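Hi,

Here is the structure I promised to pass on.

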Amino acid sequence: ARSVVGIIDVSSLTDALIVTIPHSLGTADVMVQMYDTVTEATIFADVGRTTDDFSTASTANVSIDFGTAPPNDIRVIITSLAGASASGTVAYT
């Protein structure tokens, strides 16, 4: 696995509250984790494996839509899952 780490400066967010982070990992199979740099609380937001318009698929970028502005800067960890093996099946109840 390979990872890319970045910091989102909340003072640079536009009114759309969307950021695009290039990761150049060459896959849409990525896991995105975010946390507040002050409180270290996990941050939840909509994540798209897309360009900044959330409509064009990308294997080199993720877009994050916060909905509401976070109070502090956000640390983002993007980890490639390319080559991971599938195990088990999904059971629907």
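Strand 5 covers residues 61-65, and strand 2 pairs with it in the antiparallel sense over 5 bridges. (Strands here are DSSP runs of E with at least two residues, helices are runs of H or I with at least four, and both are numbered from the N terminus; two strands pair if DSSP finds at least two bridges between them.)

Before you read on, two caveats. This is a predicted model, so local features need pLDDT of at least 70 and side-chain atom pairs count only at pLDDT 80 or more, while totals for chains, interfaces and linings use all residues. Residues are numbered from 1 along each chain as its sequence is written, and side-chain values use heavy atoms, with hydrogens and water left out.

As for the chain as a whole, it has 6 strands and 0 helices, giving the pattern β-β-β-β-β-β along the sequence. Its C-alpha atoms fill a box of roughly 40 × 30 × 30 Å along the principal axes. Of its 93 residues, 30% count as buried, meaning under 20% relative accessible area with a 1.4 Å probe, protein chains only. Among contacts (heavy atoms within 4.5 Å) with a separation of 6 or more, 67% come from residues 24 or more positions apart.

Cheers

Definitions and conventions:
Buried < 20%, exposed > 50% of the residue type's maximum accessible area, 1.4 Å probe, protein only.
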